[in-house]
Amino acid sequence: MKSAAAVTAAVLFLAAPPSQAIVSSPVCPERALTLRASSTGPDVVRVSVTQHGGRTCTVGRAPTVTFENLDGSALPVPRGTTGRYRLDPGDTAYATVRTIADPADPEARRVDALAVAADPSHWGRAFTAAELGAGDAIRVWEPVTSRWQPSAAAADRALGIW
């Protein structure tokens, strides 16, 4: 016999309009994702993740971006609660990372690489400054990242870039 709570939950789920129905998708397996990153100047890195799996899955709401030999990661903008970003098979999501507000800032740190993970539970992938097209070093000071967006232009707008 089913519990009253289980029956109530089922009724509420089936009665909810599709836009309000709670759909749970698993975390995307890291092996089903392709991460890419490239520099678009001395202070901006564009990141993308493409899902190659056969089922809908999710990644973190924003990429986890860390910098070689530095503590912490780029802070998501806008700040807010954690959550998930849904990727259907073949979908690509985009994020923009501003590594430093002023590349001439004397407090800037210089690193040889950064790492990007689509989900906090993933190891991610490292990109050297040379691979990014950023020259011999990436300048970092108070880095921020957009949340995943459906286009590169939307990711840029989320950080007020271009």
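Tutor: Happy to! Keep in mind that this model is predicted. Let's begin with Arg84, which forms a salt bridge with Asp119, with their closest N and O atoms 2.6 Å apart.

Student: How many residues apart in sequence are the parts that Arg84 and Asp119 tie together?

Tutor: Look at where each partner sits. Arg84 belongs to strand E6 (residues 84-87), while Asp119 is in the loop between strand E9 (113-117) and strand E10 (125-128). The pair therefore ties together parts separated in sequence by 35 residues.

Student: Is Asp119 buried or exposed?

Tutor: A residue counts as buried when its relative accessible area is under 20%. The value for Asp119 is 3%, so Asp119 is buried.

Student: Which residue meets Asp156 in a salt bridge?

Tutor: Asp156 lies in helix H3 (residues 152-158), and its partner lies in strand E2 (residues 44-51), so the pair ties together parts that are 110 residues apart in sequence. Asp156 is buried, at 6% relative accessibility. The N to O distance is 2.4 Å, and the partner is Arg46.

Student: And what is the relative accessibility of Arg86, which pairs with Asp88?

Tutor: The side chains of Asp88 and Arg86 meet in a salt bridge at 3.2 Å, N to O. Asp88 counts as partly exposed at 27% relative accessibility. Arg86 is also classed as partly exposed, and its relative accessibility is 48%.

How values were computed:
Residues are numbered from 1 along each chain as its sequence is written. This is a predicted model: local features need pLDDT of at least 70, side-chain atom pairs count only at pLDDT 80 or more; totals for chains, interfaces and linings use all residues. Side-chain values use heavy atoms; hydrogens and water are left out. A salt bridge is a side-chain nitrogen of Lys or Arg within 4 Å of a carboxyl oxygen of Asp or Glu. Helices (H or I, at least four residues) and strands (E, at least two) are DSSP runs, numbered from the N terminus. Buried means under 20% relative accessible area, exposed over 50%, partly exposed in between (1.4 Å probe, protein chains only).
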